[in-house]
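Hi,

Here is the structure I said I'd pass along.

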Amino acid sequence: MQEIIKLIRKPLEGVTRDKSRCGIGITLGVTAQKSVFVTSVQPGGAAYESGMIEKGDQILAVNGHDVGSLELENIIGLLIGEAGSLVTLELLHRSSTITFDSRASQSNDQTQKGIESNG
């Protein structure tokens, strides 16, 4: 089922370094076909607290931007923003097993790269 979800960005306690910029507490993975999926939902993040985003959900768009042609870093950039600001996701809920390109999987809320990867 396709759904549009609106969430408020919030820092994750103990994870977010810069409390003024944060995401929604998800980790993303990309398939060989360039589809973007949620690989985990961080407890305490906006996505977790909403109860509307689950591991395996496919992200189709962020704030109106189709993610199919974007690099993972650009998608993370769309998810991260000022704490308390709104982010809109277009999702396709999935229940099947998905194989990810391990080189393309990154955290979207306090990421290993220092980008507030709580996206």
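Let's start with I53: leaving aside residues up to four places away in sequence, I53 touches I5, L7, I24, I26, V38, V41, A47, L89 and L91, where a contact means heavy atoms within 4.5 Å. Before going on, a caution: this is a predicted model, so local features need pLDDT of at least 70 and side-chain atom pairs count only at pLDDT 80 or more, while totals for chains, interfaces and linings use all residues. Residues are numbered from 1 along each chain as its sequence is written, and side-chain values use heavy atoms, with hydrogens and water left out.

I53 is also one of the residues that touch the most other members of the largest nonpolar core, along with I24, I26, L28, I59 and L79. That core has 23 residues; a nonpolar core is a set of buried Ala, Val, Leu, Ile, Met, Phe, Trp, Tyr and Cys residues joined through side-chain atoms within 4.5 Å. Its largest share, four residues, comes from α2.

Next, L7. This residue sits in strand β1, residues 2-8 (strands are DSSP E runs of at least two residues and helices H or I runs of at least four, numbered from the N terminus). L7 counts as buried because its relative accessibility is 5% (buried is under 20% relative accessible area, exposed over 50%, partly exposed in between, with a 1.4 Å probe and protein chains only). I24 is 17 residues from L7 in sequence, with 7.3 Å between their C-alpha atoms.

Overall, the chain has two helices and nine strands, and 45% of its 119 residues are buried.

Cheers
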